[in-house]
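I opened the notebook to go through one chain, from its overall fold to single residues. These are my entries, in the order I looked things up.

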Amino acid sequence: MALVARVGAILTIIGVGALAVGPWRGGIADWMGDRYDSIRRVVAPRIETVLAVEAVASSSAAGHGPENLVQSTANRYWAEGARGPGIGESVTLHFATSVDIDTIVVTPGPSGEGVAFTSQPRPKKLRFTFSDGTSTIMMLADERTDQSTDVDANGVESVLVVILEAYPAAQGGGRDTSITDIEFKVKR
Ligand SMILES: [Ca+2]
């Protein structure tokens with residue numbers, strides 16, 4: 001409530017300014033609405049979870065394409081398809097509109113009914129490079145849980161995710177490093 005009151009107070013001040021010098025020929029209500037929204041995004045941003053709408057991978061294992069990262073499906077996963085555990089393999093995720101990213105959420109490893117977590121390698125270290133030029137390294141625990149890291153990337157249209165290190169599969173397992181989900185919490 002304190003934040004809402006603060007937005008109201010700031011808007012009141014701007015409203016007075018708008019009456020004095022505002023763009024009279026434009027829609028003043030629209031103009032003030034835009035200002036109100038830009039202030040609200042700073043003082044009281046809404047956090048929403050978004051997925052990419054398109055994913056392009058450097059390689060994929062058969063049946064485990066990157067499209068599994070653009071659907072929130074807990075039983076499907078992307079696996080790289082390069083020789084060996086796929087160090088240096090990547091996926092590029094594209095958003096529907098540019099977004100201000102607050103948090104990355106990764107669910108590592110393969111998934112699905114009867115699929116053992118250690119049947120394929122899991123990412124241990126990922127590098128995220130955002131289209132605004134910022135990047136971050138994310139270390140992952142070897143656990144089949146949602147894991148998150150905070151970032152401050154703004155106006156992002158796409159992100160390149162590179163596998164830098166992986167936990168090996170159990171004996172007799174595969175060699176395709178796997179990721180079940182990559183989600184983003186964005187500020188609106
Ligand atoms: Ca591989």
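**Entry 1: the chain as a whole**
I note at the start that this is a predicted model. I counted the secondary structure and got two helices and eight strands. Next I read the order along the sequence, which is α-α-β-β-β-β-β-β-β-β. How much of the chain counts as buried? I get 27% of its 188 residues. Residues 24 or more positions apart account for 71% of them.

**Entry 2: helix H2**
I checked the length of H2, residues 28-43. Its 16 residues at 1.5 Å a residue should span 22 Å, and the end C-alpha atoms are 22 Å apart, so the two values agree.

**Entry 3: strand S8 and its partners**
I turned to S8, residues 178-187. S8 is mostly covered, with seven of its ten residues buried. Which strands did I find paired with S8?

- S1, residues 47-50, runs antiparallel to S8 and is joined to it by four bridges. Here I see Ile 47 opposite Lys 187 of S8.
- S3 also runs antiparallel to S8, with two bridges joining them. In this pair Trp 78 stands opposite Ile 179 of S8.
- S4 pairs with S8 over eight bridges, again in the antiparallel sense. Asp 100 stands opposite Lys 187 of S8.

I marked Lys 187, as it stands opposite Ile 47 and also opposite Asp 100.

**Entry 4: the largest nonpolar core**
I looked up the largest nonpolar core and found 30 residues in it. Those with the most contacts inside it are Leu 69, Trp 78, Val 91, Leu 93, Ile 101 and Val 161. Which elements give two or more residues to this core? They are S2 (54-57), S3 (78-79), S4 (90-108), S5 (122-130), S7 (147-167) and S8 (178-187). The largest share comes from S7, with eight residues.

I followed up Ile 101, one of the core residues with the most contacts. Leaving out residues up to four places away in sequence, Ile 101 touches Phe 130, Val 151, Ala 153, Val 156, Phe 184 and Val 186.

**Entry 5: Ala 96**
I picked Ala 96, which lies in S4. Why does Ala 96 count as exposed? I find 11 C-beta neighbours inside 10 Å, and a residue is exposed if it has 12 or fewer. I also looked at Val 53. Val 53 and Ala 96 are 43 residues apart in sequence, but their C-alpha atoms are 5.9 Å apart.

**Entry 6: Leu 140**
Last, I looked up Leu 140, in the loop between S6 (135-139) and S7. Leu 140 has 21 C-beta neighbours inside 10 Å, so this loop residue counts as buried. The cut-off for buried is 20 or more.

What does Leu 140 contact, neighbours within four places in sequence aside? I listed Val 106, Pro 108, Pro 123, Lys 124, Leu 126 and Gln 147. For Lys 124 I also noted the spacing. Leu 140 and Lys 124 are 16 residues apart in sequence and 4.9 Å apart in space, C-alpha to C-alpha.

Conventions:
Residues are numbered from 1 along each chain as its sequence is written. This is a predicted model: local features need pLDDT of at least 70, side-chain atom pairs count only at pLDDT 80 or more; totals for chains, interfaces and linings use all residues. A nonpolar core is a set of buried Ala, Val, Leu, Ile, Met, Phe, Trp, Tyr and Cys residues joined through C-beta atoms within 7 Å. Two residues are in contact if their C-beta atoms, placed from the backbone, lie within 7 Å. The expected span of a helix is 1.5 Å times one less than its number of residues. Two strands pair if DSSP finds at least two bridges between them.
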